[in-house]
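Reader: I would like to go through this model term by term, setting each value against the definition behind it.
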Amino acid sequence: MSKWINHVVIDVESDGPCPGLYNMISFALVSLADPARGFLGQVAPILDHGGIPEARAVSAITYEHQQAYAPPDKIMADARRWLAELTGGNRAIFWSDNPAYDWQFWNWYCHKYLGENPAGFSARRIGDLDAGRRGEPLNTNGWKKRRITPHTHNPLDDARGNAESLRWILAQMDVEL
């Protein structure tokens, strides 16, 4: 078993900049050890508005379409079970393109619907690791060209592509996966 089995890449789509005031539309969790293993959570809206139209347009999911998704308590419980199976019950370590965005939605929904976050209280930013590796602390986007799976704003595609890039970064650091 890979020592990286607890490492998970997350991506979130929403209709605004922060949880509680806006709806998380969907999220994906992808195993860093095996990017083919992923979980897609499509979450029914919790608020009675569709958020910021430009933000919603990124995912191309209408508010009306999102209303057909499963309730967040079910989806978050399913995600927790998936994580427990993946990690053998150990705490997951989350990576993201932008934890300030992705992590805040994940964390808020976990606490609201699960009472806890199975990944603890922190996340890691892929771009910062790569910028540090290259000695270019202000160039945090270079890693994105290493995605194999296209960036489509479907969170499963985006998390998978980010996991692929993170695996490339770690290989450049001679880290065994």
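Reader: What makes the contact between the side chains of K74 and D78 a salt bridge?

Author: This is a predicted model, in which local features need pLDDT of at least 70 and side-chain atom pairs count only at pLDDT 80 or more, while totals for chains, interfaces and linings use all residues. Residues are numbered from 1 along each chain as its sequence is written, and side-chain values use heavy atoms, with hydrogens and water left out. A salt bridge is a side-chain nitrogen of Lys or Arg within 4 Å of a carboxyl oxygen of Asp or Glu; the side chains of K74 and D78 meet at 2.6 Å, N to O, so the pair qualifies under that limit of 4 Å. The structure holds 10 salt bridges.

Reader: Where do K74 and D78 lie?

Author: Both lie in helix 3, 4 residues apart, which is about one turn of the helix; helices (H or I, at least four residues) and strands (E, at least two) are DSSP runs, numbered from the N terminus.

Reader: Why are strand 3 and strand 5 called edge strands?

Author: The open sheet of 5 strands has the order 3-2-1-4-5, with mixed pairing. Strand 3 (38-42) and strand 5 (123-125) each pair on one side only, where pairing requires that DSSP finds at least two bridges between two strands.

Reader: How do you know that strand 1 and strand 4 pair?

Author: They are joined by 3 bridges and run parallel, and since at least two bridges are required, they therefore count as paired. Within strand 4, I93 is the bridge partner of H7.

Reader: What makes helix 6 a helix that packs on the sheet?

Author: Helix 6 touches strand 1, strand 2, strand 3 and strand 4, contact meaning heavy atoms within 4.5 Å.

Reader: Which class does V12, a residue of the largest pocket's lining, belong to?

Author: Val counts as nonpolar, and by class the lining of the largest pocket has 3 nonpolar, 4 polar and 5 charged residues.

Note on methods:
Axes fitted to C-alpha atoms, helices over the stretch in contact; angles between N-to-C directions.
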